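Here is a quick tour of one model, written for someone who likes cut-offs next to the numbers. Have a look at the fold first, then read on.

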Amino acid sequence: MCFDHFSNKLTSSPSVICVILYFFLALLSVITVCGNLLVIISIAYFKQLHTPTHSLILSLAVADLLVGIVVFPLSMAFSLSSCLFYEGLLCKVRESFDVTLSTCSIMNLCCISVDRYFAVCQPLMYRTKINQRVVVVMIVVSWGVSVLVGIGVIIAGFNNSRCEDYCLINVFIVNITGTVLSFYFPVIIMLCIYLKIFLVAQRQARSIQMAAKCAAAVSKMERKSTKTLATVLGVFLCCWTPFFLCITFLPFTSSPIPVPVIEAMSWLALSNSTLNPFIYAFYYRWFRSAFKMIVSGKILQKNFAHLN
């Protein structure tokens, strides 16, 4: 490890493994920033992507971009191991950003699941129920709740550092209430919604032969979009579930969890922000085309904003 747990200080000469590890994490940060920038530019530039669903994806990409810009460097500079020993301001700020942006990601995913529910299960009411005004309210609520949760975590942390004894109330706020609001409750809602969507999509698939070709194409497009966003949810759960389970049961374990294990789960969770743009590129051919046009600089040579 890059941290000496016995002397509680950073080693004077980091090993080759540590240098390689930090280089890999720096590269991961760059990939996260570039990938989510491509998503943001694509949705902002191409008029065809100015839809309620893509507005929510844009909000999710902004949260992932901030993870790459803010949380990745802070986590590299003040690793979880050092923050376990030094509960200073920078460690609290890093923890607050981490909680805020992870909460924002899952809140946006929750809003996307609601969008998909109306698109697949109630397509005739979709345009009246989900419009740009409703989406703006969803995004504002998602970011507002996330910021409040992040502020609550940092305030509870400062109160805990001033306690002479073990502060059970602050542990309850950070490890129980925070994780329920940030993770467990939204995940249960999303799983229920996607289960309902799956059942409706199955019924649509059985009756699709009796529909017109145009209606079939629209239904196929909606199901593919739902499948893509369900994959985003699945990847999010794989990345974040170990970390949230760890911090939930950490105060109640008799033996402490090894720091390398906690660090590994933390970085696995952060890597979710790196993976989302690749999921879009894998499933959507028009996202790949948009990425190519942006990277090649074609959008600077000619106006492709209205390209179909």
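## Spans and overall make-up

Residues 20–45 are 100% helix and 0% strand, with the end C-alpha atoms 37 Å apart. At residues 264–283 the end C-alpha atoms lie 28 Å apart, and that span is 95% helix and 0% strand. Both ranges come from UniProt, where an unreviewed entry lists residues 20–45, 65–86, 134–156, 168–201, 229–252 and 264–283 under "transmembrane region". UniProt positions are given in the numbering used here, feature names are shortened, and annotations may be inferred rather than shown by experiment.

Some ground rules: this is a predicted model, where local features need pLDDT of at least 70, side-chain atom pairs count only at pLDDT 80 or more, and totals for chains, interfaces and linings use all residues. Residues are numbered from 1 along each chain as its sequence is written, and side-chain values use heavy atoms, with hydrogens and water left out.

The protein has 12 helices and 2 strands; helices are DSSP runs of H or I with at least four residues, strands are runs of E with at least two, and numbering starts at the N terminus. Reading from the N terminus, the order is β-β-α-α-α-α-α-α-α-α-α-α-α-α. Of the 308 residues, 46% are buried (buried means under 20% relative accessible area, exposed over 50%, partly exposed in between, with a 1.4 Å probe and protein chains only). Among contacts with a separation of 6 or more, 80% join residues 24 or more positions apart; contact means heavy atoms within 4.5 Å. The protein exposes about 16,600 Å², and carbon and sulfur atoms supply 72% of that (Shrake-Rupley method, 1.4 Å probe; for residues, only the protein chains shown count as cover).

Is Ser 102 buried or exposed? Ser 102 counts as buried because its relative accessibility is 5%, and Thr 100 is buried as well, at 11%.

What do their side chains reach? For Ser 102 it's the backbone oxygen of Val 99, at 3.0 Å; for Thr 100 it's the backbone oxygen of Ser 96, at 2.7 Å. A polar contact is a pair of N or O atoms within 3.5 Å; within protein, one must be able to donate a hydrogen and the other to accept it, and residues adjacent in sequence count only if both atoms are side-chain atoms.

Leaving out residues up to four places away in sequence, Thr 100 touches Ser 146, Val 147 and Gly 150. Thr 100 and Val 149 are 49 residues apart in sequence, yet 6.5 Å apart in space, C-alpha to C-alpha. With the same exclusion, Ser 102 touches Phe 236, Trp 240 and Phe 244.

## Aromatic rings

| Pair | Ring centres | Planes | Type |
|---|---|---|---|
| Tyr 117 and Phe 118 | 5.4 Å | 80° | edge-to-face |
| Phe 183 and Tyr 184 | 5.2 Å | 80° | edge-to-face |

Rings of Phe, Tyr and Trp (its six-membered ring) pair if their centres lie within 6.5 Å; planes under 30 degrees apart count as stacked, over 60 as edge-to-face and the rest as tilted. Phe 118 is buried at 17%, while Tyr 117 is partly exposed at 22%. Phe 183 is buried at 3%, and Tyr 184 is partly exposed at 23%.
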